[in-house]
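User: I would like to go through a structure feature by feature. Please give the general idea each time, then the case at hand.

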Amino acid sequence: MPEREIITGLDIGTSKVCAIIGEVGESGQVNIIGVGTSPSHGLKKGMVVNLDKTVQAINAATRAAERMAGTRVSSVFVGVAGGHIVSFNSSGVVAVADSEEITHRDVMRVIEAAKVVAIPTDRQIIHALPMEFIVDSCRGIKNPEGMAGKRLEVEVHIVTGRVTALQNIVKCVQRAGLEVRDLILQPLASCTSVLTPDEQECGTVLIDIGGGTTDLAVFYEGSVLHTAVLPVGGDHFTHDLAYGLRIPFAEGERLKLLYSSQGDTGNELPVDKLQSILYPRGEEVFQLVEKELAKLDQSGIAPIQCVLTGGASQLRGLTDIAEEVLGLPVRIGTPRAVGGLIDIINSPAYATGIGLVQYAAKQGLAGEETSVEGPGLLEQIIERITRWFKDFIPTE
Ligand SMILES: Nc1ncnc2c1ncn2[C@@H]1O[C@H](COP(=O)(O)OP(=O)(O)OP(=O)(O)O)[C@@H](O)[C@H]1O
Ligand SMILES: [Mg+2]
């Protein structure tokens, strides 16, 4: 096996497609060696609406990253988001095969058991993330491997996506001549790159505000408890300016960025006027987040802090609105714990792209030979479930 592995993350966003090439050292440390971005015109609210334009942007971003890294890319880890994502919690239980010791296989079996829930045929599981294991009624176990026990239970957070929406993403990547190694939920990737280990432990909501979507993930005791993708993002602020001031979208975007960088727009527009348009949209975004967080009430867990990331988190004054609406301390998060081209990637807009590389490296996916083929996507899932059933139901 080579000493260093190359992992490429592909963040196909509503505003930009971003390819990040990382080199993973023996200790798991990620060094970024190539970054390429291209404006994206083929997505709406995180979903592909134009294949050709998306393929072009993927090609442009990947070629730029390859040139920077001086290497060729053949396979990628792809981020997914969009309004088609639905997440929920589920649980599974199995009898431990050898009651002396819980093995890795028992852990895999119980996770598979939790995945066997009634999911509509037009949906597919993207992740089954263990929140806690329960061994013979003893709760709160993060890794039961090696423990003694008879009955193993798990609570998992399941993330599903609409099969056709996922297939369209896979199709675009394949048409760009790349193999899809795995699909990863975008907020999960952003969490990996942005949250400190401490933040992942003590109850944090991460909010990634992009161009077309706002993705959120709640972390507690190192596990993901809740994820959601809301169909509103930075572009809605621009639309409001364009509509309110009766100017073209591009002009609204220019004014928004100008205000963000210098706090006013020179003599072009009074600051009060600008803020009176941007503020209600900011309030709406965080009220939607608040509604999502209310779904956690049953579990008795409430986040104690908030981290904002994504390009639109840089909008001047947005952290203040977040603090006001959510009533939590808020900070802006940029990718951390990476080496390499840190000057280039030191922006919240790269949180997902960098996180895809780090997430894949952490899961040890770099060397695995599995890949997701477009038309075979469903078959793979069915095959996995069939394999699980074979483990349980004697064939003779
Ligand atoms: N300095 C800034 N101030 C305010 N807004 C900004 C700034 N920089 C970028 N944005 C906004 O951020 C948004 C793009 O963010 P990002 O690059 O994270 O989106 P994306 O990942 O392509 O989209 P999505 O994740 O929604 O699919 C745009 O709406 C853009 O106007
Ligand atoms: Mg994004």
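User: Where does Ser137 lie?

Analyst: In this predicted model, Ser137 is part of the loop between S8 and S9. Asp136 is placed in that loop too, between strand S8 (123-135) and strand S9 (138-141).

User: How should I read phi in general, and what is phi of Ser137?

Analyst: Most residues other than glycine have a negative phi. Ser137 is not a glycine, yet its phi is positive, near 70°. Asp136, also not a glycine, has a positive phi of about 45°.

User: Is Ser137 buried or exposed?

Analyst: The cut-off for exposed is over 50% relative accessible area, and buried is under 20%. Ser137 has 63%, so it counts as exposed. Asp136 has 38% relative accessibility and therefore counts as partly exposed.

User: What about Thr160: buried or exposed?

Analyst: Thr160 is at 1% relative accessibility, so it is classed as buried. Its place is in strand S10 (residues 151-162). The Thr160 side chain makes a polar contact with the side chain of Arg123, at 3.0 Å.

User: How many disulfides does the structure hold?

Analyst: A disulfide needs two cysteine sulfur atoms within 2.5 Å. The structure holds zero.

User: Now the ligand. Which residues come nearest to ligand 1?

Analyst: A residue counts as near if one of its heavy atoms lies within 4 Å of the molecule. There are 21 residues around ligand 1, and Thr14, Ser15, Glu253, Lys256 and Gly311 come nearest.

User: Which helices supply residues of the shell around ligand 1?

Analyst: Helix H6 (234-245) and helix H7 (249-262) each give at least two residues to the shell. H7 provides the largest share, four residues.

User: Which polar atoms lie by the oxygen atoms of ligand 1?

Analyst: Among them is a polar side-chain atom of Glu253, 2.4 Å from a ligand oxygen atom. The backbone takes part as well: an N or O atom of Thr213 lies 2.9 Å from an oxygen atom of ligand 1, and a polar backbone atom of Ala312 is 3.0 Å from an oxygen atom of the ligand. On its own, ligand 1 has 660 Å² of accessible area, of which the protein covers 87%.

User: Where does ligand 1 sit?

Analyst: Ligand 1 sits in the second largest pocket.

Definitions and conventions
Residues are numbered from 1 along each chain as its sequence is written. Chains are lettered from A and ligands numbered from 1 in the order in which they are written. This is a predicted model: local features need pLDDT of at least 70, side-chain atom pairs count only at pLDDT 80 or more; totals for chains, interfaces and linings use all residues. Side-chain values use heavy atoms; hydrogens and water are left out. A polar contact is a pair of N or O atoms within 3.5 Å; within protein, one must be able to donate a hydrogen and the other to accept it, and residues adjacent in sequence count only if both atoms are side-chain atoms. Accessible areas come from the Shrake-Rupley method with a 1.4 Å probe; for residues, only the protein chains shown count as cover. On a 1 Å grid over the protein atoms alone, a cavity is a set of points where a 1.4 Å probe fits but cannot get out, and a pocket is an open set with protein on both sides within 12 Å along at least five of seven lines; lining residues have an atom within 4 Å of a point. A molecule sits in a cavity or pocket if more than half of its atoms lie within 2 Å of its grid points. Buried means under 20% relative accessible area, exposed over 50%, partly exposed in between (1.4 Å probe, protein chains only).
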